[in-house]
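Thanks, everyone. I would like to take you through some of the packing in this structure, beginning with a pair of helices and then turning to a sheet.

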Amino acid sequence: MSVHDIRSAKRPDPDQPMVDVANYVIDFKIDSSEAYDTARYMLLDSLGTAMLAMKFPECVKHLGPVVPGATLPDGARVPGTSHELDPMQAAFAIGTQIRWLDFNDTWLAAEWGHPSDNLGSILAVADYLSRKAEREGGQPLTVRDVLTYAIKAHEIQGCYALKNSFNRVGQDHVILVRLASTAVATAMLGGTREQIITAVSHSWIDNGVLRTYRHAPNAGPRKSWAAGDACRRAVMHAINAVYRGVVDYPSALSAKTWGYYDVAFKGREFEFERPFGSYVMENVLFKISYPAEFHAQTAVECAMQLHGAVAGKIDQIEKVVIETQEAGARIIDKTGPLANYADRDHCIQYMVAVPLIFGRLTADDYNDDVAADPRIDALRDRMVVSENPLFTKDYFDPDRRYIGNSVQVFFKDGSSTEKVAIDFPIGHRKRRAEGIPVLLKKFEAALRGHLPAHRVKAILEATADPARLDDMPIQAFLGFFTL
């Protein structure tokens with residue numbers, strides 16, 4: 001960490017965490033076939049989730065230019081639409097699409113987050129640069145290039161999250177989307193090591209947004225576009241560093257009184273469990289079966305298993321006992337009325353009640369019409385949520401990273417169901433063989449729900465051969481998604 005006299009105007013050396021990020025983005029060679037294979041599935045899953053989001057008008061209204069007419073012909077495209085935008089606004093739109101349904105990948109540690117949110121910046125910048133190169137006779141980026149940048153963005157966000165809890169100081173995890181996206185977008189634009197450090201210093205000076213929009217009593221739809229907002233700002237920092245030559249702020253983290261550590265992180269420096277590599281992409285969690293906050297994924301699976309035993313006896317239930325991890329208890333244990341869909345998809349009681357009653361949990365189940373069913377809130381009132389210390393222990397174990405939950409239903413006549421406990425969901429690394437076929441079905445169904453049949457056919461053909469997909473220019477691949 002830089003040591004700097006607050007009275008001295010002499011600029012110190014850059015803070016080491018910023019240097020480490022720049023060195024990783026510039027120098028590190030990804031040689032993990034597992035990381036690339038997982039990244040390929042992540043790309044498909046994220047684009048499929050973006051297509052699913054197109055069913056929701058509240059999402060679609062965010063996807064165009066900032067004001068009508070502010071388009072950029074031959075700019076960056078927004079999948080599933082006809083929009084062509086400047087790369088900053090396209091980054092916002094793509095990031096918003098991917099995150100809207102809470103159905104893209106997840107990373108859980110001291111901090112939580114969704115590393116594929118970074119695709120908002122990566123795809124927007126890649127499409128903009130590659131379409132420009134195509135017009136000017138240059139070399140466009142390939143899908144493989146995009147996967148490389150995605151692996152590095154995942155790694156930056158995920159490694160920061162392992163030991164540093166931004167939620168504990170009230171900040172939202174999208175601060176790490178902005179960090180990771182700033183670093184890789186600067187490199188994509190041709191930035192040097194020094195320019196990446198400059199851009200990253202600006203990202204830290206932004207401080208962080210409050211995560212109040214994720215928690216009672218203020219949970220609301222901003223959580224669905226917050227990552228897009230981080231992507232947009234990341235691209236701005238990258239453009240400013242590479243094209244405009246803005247100056248750096250070398251002790252943005254460590255400056256006494258005015259730096260990020262003192263202002264926002266209670267004076268603590270960042271801690272790191274491991275050096276940057278490809279660990280995060282290899283271990284990332286996919287949301288495959290249910291659009292639900294990830295700490296509740298296994299709770300939903302438990303409830304689905306119990307549906308057959310309780311569906312005809314909902315009015316006879318005395319209580320439902322849910323055991324979860326500490327993070328789940330802190331984030332999604334909610335009582336009282338739920339104001340909107342964003343409130344409901346962050347309530348473990350709601351996410352258990354719906355599958356117990358209906359035997360399903362889809363994005364539509366968070367809408368007002370389903371939530372109006374009186375059985376849901378009546379069942380929520382009979383739920384007891386508590387932390388299971390073993391679930392918490394396995395959650396933080398770097399060799400496990402489980403997300404355990406258990407559900408048991410007790411009836412008024414004194415009988416009960418079995419206690420169903422699941423340590424990790426289908427999207428976990430330990431269930432990849434089981435999960436990937438389901439992920440691909442999710443992807444295909446999402447495409448068919450929004451794109452013309454000939455586009456779906458072309459996408460499925462291109463993605464069936466990993467080598468062919470990797471070599472494809474990214475603007476050609478994204479062109480399949482353009483309306």
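**Helix pair and sheet**

Helix α6, residues 143-163, packs with helix α7, residues 174-188, at an angle of about 150°, the axes being 9 Å apart; axes are lines fitted to C-alpha atoms, for helices over the stretch in contact, and angles run from 0 to 180 degrees between N-to-C directions. Helices (H or I, at least four residues) and strands (E, at least two) are DSSP runs, numbered from the N terminus. This is a predicted model, in which local features need pLDDT of at least 70 and side-chain atom pairs count only at pLDDT 80 or more, while totals for chains, interfaces and linings use all residues. Residues are numbered from 1 along each chain as its sequence is written, and side-chain values use heavy atoms, with hydrogens and water left out.

Now the sheet: 4 strands form an open, mixed sheet in the order β6-β5-β7-β8, where two strands pair if DSSP finds at least two bridges between them. Because β6 (383-387) and β8 (420-422) stand at the edges with a single partner strand each, one side of each is left without a neighbour in the sheet. From one strand to the next, the twist averages 15°.

Strands β5 (residues 317-324) and β7 (residues 405-411) run antiparallel and are joined by 6 bridges, and Ile322 has Val407 in β7 as its bridge partner. Helix α15, residues 348-358, packs on the sheet and touches β5, β6 and β7, its direction making about 125° with that of β6; contact here means heavy atoms within 4.5 Å. Helix α12, residues 297-310, lies across β7 and β8 and runs at about 30° to β7.
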